[in-house]
Amino acid sequence: MRVTLCQTDIIWGQPQANREAVERMLSNVAETDLVILPEMFSTGFVTDPEGMAENAPSESLEWMKKTALQRNCAIAGSIALCEDGRYFNRLYFVKPDGEFCSYDKKHLFSYAGEHLRFTPGQERVIVEWKGLRILLSVCYDLRFPVWLRNRSDYDLLLCVASWPTARRKAWDALLKARAIENQCLVAAVNRTGSDPSCTYNGGSVILDALGECTASCRDSVCEAVSADLDLHALRQLRGSFPVLEDRDPL
């Protein structure tokens with residue numbers, strides 16, 4: 001399966017402009033199976049969502065459906081969403097036929113007050129696409145290995161983020177750790193640029209199950225990078241070195 005990481009500089013609070021920026025980026029991308037966008041790709045990471053969050057049904061979700069159909073690929077990214085009077089940091093995974101699933105961020109970033117206005121998700125979400133089982137996660141989830149523990153139920157950990165430059169070393173280390181300990185592929189997309197609180201320098205990357213980089217975006221550069229995931233090699237590794245069979249029970 002071919003995956004494309006879209007590392008974007010998100011314009012604060014301007015969903016239409018941010019969607020158009022992704023369209024321009026994708027216009028230079030060859031055929032792919034999955035496009036991944038950063039956390040809250042339509043607005044930037046907000047902890048005070050009033051006036052910023054999109055209302056359900058979301059315009060960005062409809063745009064994702066249209067884009068997936070036009071490009072004949074799946075597309076994933078999170079948005080700030082208001083639904084039934086509550087706010088969610090919701091990651092959508094949209095397929096070309098319009099079918100979609102969603103994951104609400106479980107671990108809200110209390111350090112920045114995200115937990116004060118947003119409602120946390122309670123369920124892990126795994127989606128199947130092109131022969132891969134994909135676990136959905138958002139940013140701060142990456143710090144919680146029990147939540148992301150591979151129960152022999154997924155092949156690819158997909159993570160979308162707005163992870164600040166100040167904590168970039170942790171981002172790099174945790175992605176590798178999650179790949180190695182879970183014997184899984186990792187596809188993670190972070191943003192660039194700045195918002196009223198932080199600066200971001202990317203670090204979007206695809207890792208194999210040994211934690212080795214197979215593709216990455218350049219630091220602080222808005223760009224789309226694609227790579228093929230090798231499910232056969234993953235299965236061979238798991239078969240020859242079956243460490244998941246010795247994992248601790250949850």
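Student: What makes the charged end of Lys 130 count as sitting over the ring of Trp 129?

Tutor: In this predicted model, the charged end of Lys 130 is 5.2 Å from the centre of the Trp 129 ring. The distance cut-off is 6 Å, and the charge must also be within 35 degrees of the ring normal; the charged end of Lys 130 is therefore listed as sitting over that ring. The charged end of Lys 106 sits over the ring of Trp 147, 5.5 Å from its centre.

Student: Why is the pair of Phe 41 and Trp 63 called tilted?

Tutor: The ring centres of Phe 41 and Trp 63 are 5.9 Å apart, and the pairing limit is 6.5 Å. Their planes stand at 40°; stacked requires under 30 degrees and edge-to-face over 60, so the pair is tilted.

Student: What makes this pair a tie between separate parts of the chain?

Tutor: Phe 41 lies in the loop between β2 (34-36) and β3 (54-55), whereas Trp 63 belongs to helix α2 (residues 59-71), so the pair ties together parts that are 22 residues apart in sequence.

Student: Which term describes the pair of Tyr 92 and Phe 100, and why?

Tutor: The planes of Tyr 92 and Phe 100 are 75° apart, with 5.7 Å centre to centre. Because an angle over 60 degrees counts as edge-to-face, this pair is edge-to-face.

Student: How do you know that the length of α4 agrees with that of a helix?

Tutor: At 1.5 Å a residue, the 15 residues of α4 (residues 168-182) should span 21 Å. The end C-alpha atoms are 21 Å apart, which agrees.

Student: Which residues of α4 are buried, and how do you know where they lie around the axis?

Tutor: Arg 168, Trp 171, Leu 174, Leu 175, Arg 178, Ala 179 and Asn 182 are buried. They cover an arc of only 130° around the axis, which puts them on the same side of α4. An α-helix has 3.6 residues a turn, so residues three or four places apart point the same way.

Student: What do the buried residues of α4 pack against?

Tutor: Their partners are β9 (156-160), β10 (185-189), β12 (199-201), β13 (205-207) and α5 (231-240).

Technical notes: Residues are numbered from 1 along each chain as its sequence is written. This is a predicted model: local features need pLDDT of at least 70, side-chain atom pairs count only at pLDDT 80 or more; totals for chains, interfaces and linings use all residues. Side-chain values use heavy atoms; hydrogens and water are left out. Rings of Phe, Tyr and Trp (its six-membered ring) pair if their centres lie within 6.5 Å; planes under 30 degrees apart count as stacked, over 60 as edge-to-face and the rest as tilted. Helices (H or I, at least four residues) and strands (E, at least two) are DSSP runs, numbered from the N terminus. The expected span of a helix is 1.5 Å times one less than its number of residues. Buried means under 20% relative accessible area, exposed over 50%, partly exposed in between (1.4 Å probe, protein chains only). The arc is that of the directions from the helix axis to the C-beta atoms. Contact means heavy atoms within 4.5 Å.
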